[in-house]
Amino acid sequence: MTEGNTQPAVRIDHLSKHFGSGSSRVDALRDISMEVFPGQVVGLMGPSGSGKTTLLNCIACIMAPSSGRLTLDGEVVYDDRWLPTDLRRLRLDKIGFIFQYPNLLPFLDATDNVVVVLGLAGYSAAAGRSRAIDLLSYLEVANRKDAMPAQLSGGEAQRVAIARALANRPRIILADEPTAPLDSQRARIVMNLLRKIAIDQTAAIICVTHDEMILDRFDHIFRLRDGQLEISTNRGDTRKLASPGM
Amino acid sequence: MNLAYRDIKHNLLRFVLTCFGLSLLLGVVITITGVYRGLIDDALRQVRAANADLWVVQAGTNGPFAEASRIPRDTRELVARVYGVERAGAVTYQSVQTELNGKPLRFFLIGFELGRPGGPSKLIAGREIMRSHYEMVVDRSAGLSLGQEVPLGTHGHKFTVVGLTRDNVTNSGDPVAYMTLLDAQALQFELAPPAERREVARGGALQTTNQINAVITKVSGYVPLKEVAAALTRWKHLTTLTEEQQENLLTKEVIEKSRRQQLMILVLLVIVSAVIIGLIIYTLTMDKVRSIATLKFVGAPDRTIVGLIVQQALSMGIVSFVIGLLLILGFQGHFPRRLVILPEDVAVVFAITLVVCVAASTLGIRLALKIDPAEALAAAG
């Protein structure tokens, strides 16, 4: 998928976010503008406190920016204020979220952790179950479909969490350090999976990470520092970014 | 998918233990309801057991239950002759305490004339009193068996239990015993030998024993009760009370303070239950903060979250109520006083439990609705 033949799945124009006011004001994000297209996997990097999570929260519509404009899948949701829209419904319909830790509901088995999202989206029980098992198969974790979260390994749980994020065929997938709790081998497997999903489902994937070992898995990398977009790098240039000591 | 059910199933042991604890509390609420009803019912049974249309008692008194009443025994003959009176029976009432097998035994003793109103209405075992002396019919709650002999009075005469009744107790919970009027009068008025000798020595006449406490009257259905009552009260030393007046005296005056006290305890228990249920639900919700944040994050509407909490609260209330009720029904017979558990009271307590559960869950709902979906992003604890 190229940038020329479609509209961006995520478009951010001059977005800022500050906390507090006066002398205690902290500018978490300053004048951020970026675009992510369907089929792209982009990385959001930067040191702690650079504003990565704040930006992700703004894109996920769980934190209101202070100013700017946010467009998700062609729908302007923020333009110096939240526009009249059901943000929870918007998240359900357009956004899949992969947490740093799987955050599976401990009282549901692997299948039902996926079915619950489909149920909220209006799927019937049978249709939801069928799609959930398809997704678990796609993510090669169908053999654990009846296991409770406590019985899953870290990698298996993360795959189930990814299945849940994909359940409602979202156009935008946000991932908050999805490889952090995994070893390097499993981290690469997960990143390969995300690339596959981006291509198969024409989804835009924004992935916050500190992991320099997976930089080559991104089409584009945005680096943040002190709330500002420092560098925007295309694929191919990513190897240069993975310099020693970073 | 029912999230409440799935969460309960996942934490079944915790749910069962919580319900068991709550069931004990709700069991106490049901018990107090039963004690409250039992108190009223015992008082009413005491009056209704006599099956009287009119009670003829000493003028100026509210006897024989609310206060003492003493009238000559021949009053019964006077009453029986009044137009409209079908049957009349002289009765005495007194509390007695004796000792049996080293344990105290209390009765409320009713003396009645054989074949006349005032005797036991229905026996569950044995026979009616047939001899003039030394036989008694007693409520089974006294723990006596047929043929057992009970020493009574200052002379220690032994009375044989010949019949048993059921649920025939006073408003203070003492079992009711019946014996012939003559025996009851003797027990009421007889003096111990030393006291009797002293009475004779001081030259005083021995107290007459030919007194009774009331006359129980059955009135013909063809004659108005008021007319008979008016005829009877023409004797200045007598007054009459209807069954309704006796019931009012007992339930509204004699047991009023006990009744109100138990009602107060009941209200306090309901409040305590509400607070405890509220805290349990709040704690259960606190345990699910991350799950609720995740649900909100993935797009669950508030009604899903509220449904999860309310359904769990109601499940807890219903299960606890059923366990509590079964426990109390199982142990009902072991309470020293009668528990009267009426279906309508059970229904009211059940409805209150449901209302309390829903009201108490507002604490948890408030907490759940305030949970920020961003909490799902926080590092796993």
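I began with the second largest cavity, which holds about 90 Å³ of space, and I kept in mind throughout that the model is predicted. I listed its lining as B:Asp7, B:Ile8, B:Asn11, B:Arg14, B:Phe15, B:Thr18, B:Leu284, B:Lys288, B:Gln312 and B:Met316. In chain B, helix H1 (3-10), helix H2 (12-48) and helix H10 (302-331) are the elements that give two or more residues to this lining, and H2(B) gives the most, with 3 residues. Sorted by class, the lining of the second largest cavity has 4 nonpolar, 3 polar and 3 charged residues.

I then asked how many cavities of 30 Å³ or more the rule counts. The count comes to 5, and I noted a volume of about 130 Å³ for the largest cavity. It is lined by 13 residues, and those closest to its centre are A:Arg91, A:Ile95, A:Gly96, A:Phe97 and B:Val298. In chain A, helix H2 (87-94), strand E6 (95-98) and helix H5 (154-166) each supply at least two lining residues, with E6(A) giving the most, 3 residues. I recorded the classes for the largest cavity as 9 nonpolar, 2 polar and 2 charged.

For open space I turned to the largest pocket, where I noted about 470 Å³. Its lining has 20 residues, and B:Ser141, B:Phe335, B:Pro336, B:Arg337 and B:Arg338 lie nearest the centre; by class I wrote down 9 nonpolar, 6 polar and 5 charged residues.

Next I looked up the interface, where 23 residues of chain A are in contact with 23 residues of chain B. The area buried between the two chains is about 2,200 Å², and carbon and sulfur atoms give 68% of it. On the chain A side, A:Arg88, A:Phe107 and A:Leu120 lose the most area to chain B, together 32% of what that side buries. The rule finds 2 salt bridges across this interface, and I looked up the one between B:Arg6 and A:Asp112, whose closest N and O atoms are 2.3 Å apart.

Leaving out residues up to four places away in sequence, A:Cys207 touches A:Val42, A:Gly43, A:Leu44, A:Ala175, A:Pro178, A:Met191 and A:Phe218. I also noted that its C-alpha atom is separated by 8.8 Å from that of A:Leu56, which is 151 residues apart from A:Cys207 along the chain.

Methods. Residues are numbered from 1 along each chain as its sequence is written. Chains are lettered from A and ligands numbered from 1 in the order in which they are written. This is a predicted model: local features need pLDDT of at least 70, side-chain atom pairs count only at pLDDT 80 or more; totals for chains, interfaces and linings use all residues. Side-chain values use heavy atoms; hydrogens and water are left out. Contact means heavy atoms within 4.5 Å. On a 1 Å grid over the protein atoms alone, a cavity is a set of points where a 1.4 Å probe fits but cannot get out, and a pocket is an open set with protein on both sides within 12 Å along at least five of seven lines; lining residues have an atom within 4 Å of a point. Grid points are joined across faces, edges and corners, and a volume is the space filled by probe spheres set on the points. Ala, Val, Leu, Ile, Met, Phe, Trp, Tyr, Cys and Pro count as nonpolar, Asp, Glu, Lys and Arg as charged, and the others, Gly among them, as polar. Buried area is the accessible area (1.4 Å probe) that two parts lose on being put together, summed over both. A salt bridge is a side-chain nitrogen of Lys or Arg within 4 Å of a carboxyl oxygen of Asp or Glu. Helices (H or I, at least four residues) and strands (E, at least two) are DSSP runs, numbered from the N terminus.
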